[in-house]
Amino acid sequence: MPTMTGEPVVGVQGPPGDGPGFVAWVRPHLVAMARLAGRLAVGADRDDIVQEALARAWAKRSQYDASRGTPSAWLLAITADQARKAVRRTRPGNLYLIDEATSGPVSRPDLDARMDVDHAIMSLSARQRLAVDCYYFADLSIADTAAVMGCSEGTVKSTLSDARNRLRTLLEVTE
């Protein structure tokens with residue numbers, strides 16, 4: 001069974017049909033699924049998203065095709081889809097931290113810097129954001145990112161390059 005790059009997949013089988021086998025098959029991918037859910041659906045419960053993705057994967061386990069990508073890419077594509085659905089269902093929440101002693105917003109430089117990066121990433125197009133989240137935050141390879149996005153590896157590389165250029169402009173610090 002070759003991957004998208006034409007390399008043979010060694011030892012990769014489809015998801016087992018029994019519950020315990022399926023659990024063992026998805027377990028190595030749970031951390032990446034949770035990380036991607038948290039990145040794509042800020043404000044939503046990432047555990048709920050992962051649970052929905054696992055239920056969907058269980059229901060569609062017969063559709064898994066190792067020749068189209070790794071188990072990780074397949075599970076993360078389902079997770080990304082569930083995260084998009086969760087975002088549509090949720091309303092934006094309050095992003096401020098409240099100091100109970102003063103009842104005012106708390107200024108934290110580490111949080112402010114993270115919010116700047118998160119804000120910059122959120123200003124990317126949906127396709128660029130998915131590429132950045134998969135490649136940099138879920139630590140997927142270019143091939144697996146392509147499988148999650150449903151496009152070629154060249155498209156992923158181009159999308160990541162465009163996203164980096166846009167982020168560079170947005171996060172540019174002038175002294």
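Analyst: Of the chain's 175 residues, 36% count as buried, where buried means under 20% relative accessible area, exposed over 50% and partly exposed in between, using a 1.4 Å probe and protein chains only. This is a predicted model, in which local features need pLDDT of at least 70, side-chain atom pairs count only at pLDDT 80 or more, and totals for chains, interfaces and linings use all residues. Residues are numbered from 1 along each chain as its sequence is written, and side-chain values use heavy atoms, with hydrogens and water left out.

The chain has 8 helices and 2 strands, arranged along the sequence as α-α-α-α-β-β-α-α-α-α. Here helices (H or I, at least four residues) and strands (E, at least two) are DSSP runs, numbered from the N terminus.

Now for the helix itself, α7, which covers residues 142-149. Because 6 of its 8 residues are buried, α7 is largely enclosed by the rest of the structure. Those buried residues are I142, D144, T145, A146, V148 and M149. They pack against three helices: α4 (71-89), α6 (126-137) and α8 (153-170). Just after α7 comes G150, with a positive phi of about 70 degrees.

How do contacts look over the whole chain? Among contacts with a separation of 6 or more, 61% join residues 24 or more positions apart; a contact means heavy atoms within 4.5 Å.

For another setting, turn to E52 in helix α3 (residues 46-59). E52 is partly exposed, with a relative accessible area of 44%.
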